[in-house]
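Here is a friendly briefing to read alongside the model. Please keep the viewer open as you go.

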Amino acid sequence: MKKILILLTLSLLLVGCAGGNNKKEEAVNPAEDNKIVIGVTPVPHEEIIKAFEQQFKDAGLEVEIVVFDDYIQPNEQLAAGDLDANFFQHKPYLDEFAAQNKLDLVSIGGVHIEPMAVYSDKLSSLDELQEKDEIIIPNDPTNGGRALIMLDKEGIIKLEDNTNLSSTENDIAENPKNLTFVPMDAQNIPNTYKDAAAAIINSNFAIGAGLSPTEDSLLIEPKDSPYANIVVVRTGEEEKEKFKKFMEILNSDDVKEFIEEKYQGAIIPAF
């Protein structure tokens, strides 16, 4: 009987110790929630985040950067839980991509605008476009439509509805010079734009290729462009304290000054 009592006592002690360890782990886990693994494209997103690493640390955040060179993986990996956030896209693109791929993602705020621009190695003005010239545009739905809207507003073509962000070549109502539009992955356009009469390139990829949107382009989007680049998280996590701290820094006067001084109008603060 004494042996049974001793065994029971030992069992209770072991259970008590195990319970204590669980409570200790629970106390540690909340601190770990200050980590943000964020997916970015190189320019300017990675540059902006890296420039403020110390401010993030001072706010108690551990920010880990994962760099992508495409517009697909950052959303898919965020939805899958491999990332905590991403920073590379504007809201029209997020809305379109999330709807098509059934992803539950949400914006927690805008940081900057990357005005699109038209580049050419052959023309000094869009007035020099010739019959059946080729123009390269991004092949994703929102940026492709955005490019065509730029040309519509410049009078190069006429769309059926120049407010439709999802416009494609099939929505061109008038094309006086019978221009040919060549859709291409946005990140590849800077490497091939010289093969066509002109190309429309997102500023992040243009800058990464050594092109200046303000100095090298034939046409640039106006500063009132609605395409602010946003930070995105999974729906339901937008109220987490770590994301509030993160956005407070990204929407600070210091970040605004950094963007204005470093990019000289090629990238514009959106706050």
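The notes below cover a sheet, its aromatic pairs and the nonpolar cores.

This is a predicted model, in which local features need pLDDT of at least 70, side-chain atom pairs count only at pLDDT 80 or more, and totals for chains, interfaces and linings use all residues. Residues are numbered from 1 along each chain as its sequence is written, and side-chain values use heavy atoms, with hydrogens and water left out.

**Sheet**

- Five strands form an open sheet with mixed pairing, in the order E9-E6-E10-E5-E11; strands are DSSP runs of E with at least two residues, helices are runs of H or I with at least four, and both are numbered from the N terminus.
- E9 (180–184) and E11 (219–220) are the edge strands, each with a single partner, so one side of each has no neighbour in the sheet.
- Strands E6 (residues 134–138) and E10 (residues 198–201) run parallel and are joined by two bridges; strands pair if DSSP finds at least two bridges between them.
- Ile 135 has Ala 198 in E10 as its bridge partner.
- Helix H6 (residues 141–153) packs on this sheet, touching E5 (117–119), E6, E9, E10 and E11, where contact means heavy atoms within 4.5 Å.

**Aromatic pairs**

- The whole structure holds nine aromatic pairs; rings of Phe, Tyr and Trp (its six-membered ring) pair with centres within 6.5 Å, and planes under 30 degrees apart are stacked, over 60 edge-to-face, the rest tilted.
- Tyr 119 and Tyr 193 make an edge-to-face pair, because their ring centres are 6.5 Å apart and their planes stand at 70°.
- Tyr 119 lies in E5 and Tyr 193 in the loop between helix H7 (189–192) and E10, so this pair ties together parts 74 residues apart in sequence.
- Both Tyr 119 and Tyr 193 are buried (under 20% relative accessible area; exposed is over 50%, partly exposed in between, with a 1.4 Å probe and protein chains only).
- Ring pairs also link Tyr 71, Phe 88, Tyr 93, Phe 97 and Phe 205 into a cluster.

**Nonpolar cores**

- In the largest nonpolar core, of 26 residues, Tyr 119, Tyr 193 and Ile 201 touch the most other members; a core is a set of buried Ala, Val, Leu, Ile, Met, Phe, Trp, Tyr and Cys residues joined through side-chain atoms within 4.5 Å.
- Two or more residues of this core come from each of helix H5 (91–101), E5, E10, helix H8 (203–208) and strand E12 (228–234).
- H5 gives the largest share of this core, four residues.
- Another core, apart from this one, has 25 residues, including Phe 87, Val 255, Ile 259 and Ala 266.

Key. Axes are lines fitted to C-alpha atoms, for helices over the stretch in contact, and angles run from 0 to 180 degrees between N-to-C directions.
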